[in-house]
Amino acid sequence: MEQKYCQSCGMLLSEELYGTELSKAKNHEYCIYCYEKGEFKQPDITMEKMIKACVPFMVEKGMT
Ligand SMILES: [Zn+2]
């Protein structure tokens with residue numbers, strides 16, 4: 001069986017966890033927490049989290 005992961009948060013997807021389109025079709029690229037009824041719930045959350053997590057380290061190392 002092929003395993004799929006959410007393209008946004010990286011969660012392992014299963015039949016109940018697939019995102020949904022407005023048409024109630026399943027979206028097999030994203031999980032229900034990131035993508036529901038044809039819309040992203042938390043746009044840029046991954047990027048934002050990554051930036052927040054990385055910036056203090058970069059500052060610590062003297063990077064601007
Ligand atoms: Zn997700």
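1. Tyr 18 stands opposite Cys 31 of strand β4. Strand β3 (residues 18-20) and strand β4 (residues 26-31) run antiparallel and are joined by three bridges. Two strands count as paired if DSSP finds at least two bridges between them. Strands here are DSSP runs of E with at least two residues, helices are runs of H or I with at least four, and both are numbered from the N terminus.

2. The model is predicted: local features need pLDDT of at least 70, side-chain atom pairs count only at pLDDT 80 or more, and totals for chains, interfaces and linings use all residues. Residues are numbered from 1 along each chain as its sequence is written.

3. On the overall layout, the protein has six strands and one helix. Read from the N terminus, the order of elements is β-β-β-β-β-β-α. Of the 64 residues, 12% count as buried. A residue is buried if 20 or more other C-beta atoms lie within 10 Å of its own, exposed if 12 or fewer, and partly exposed in between, with C-beta atoms placed from the backbone.

4. The hairpin formed by β3 and β4 has five residues between the two strands. Lys 24 sits in this loop and has a positive phi of about 75°, although it is not a glycine. Most residues other than glycine have a negative phi. Lys 24 counts as exposed because it has 8 C-beta neighbours inside 10 Å.

5. Lys 37 also deserves a look. Its place is the loop between β5 (35-36) and β6, and its phi is positive, near 55°, in a residue other than glycine. Lys 37 counts as partly exposed because 13 C-beta neighbours lie inside 10 Å.

6. Which residues make up the largest nonpolar core? The six are Cys 6, Leu 13, Tyr 30, Cys 31, Cys 34 and Tyr 35. A nonpolar core is a set of buried Ala, Val, Leu, Ile, Met, Phe, Trp, Tyr and Cys residues joined through C-beta atoms within 7 Å. In soluble globular proteins, nonpolar side chains tend to be buried together.

7. Cys 6, a member of that core, lies in the loop between β1 and β2. Cys 6 counts as buried because it has 22 C-beta neighbours inside 10 Å. Beyond four places in sequence, Cys 6 is in contact with Met 11, Leu 13, Tyr 30, Cys 31 and Cys 34. Contact means that the C-beta atoms of two residues, placed from the backbone, lie within 7 Å. The C-alpha atoms of Cys 6 and Ile 32 are separated by 9.1 Å, with the two residues 26 apart along the chain.

8. Cys 31, likewise in the core, touches Cys 6, Cys 9, Met 11, Leu 13, Leu 17, Tyr 18 and Gly 19, leaving out residues up to four places away in sequence.

9. Gln 42 lies in the loop between β6 (39-40) and α1 (45-60). Its C-alpha atom is separated by 9.3 Å from that of Ser 8, 34 residues away along the chain.
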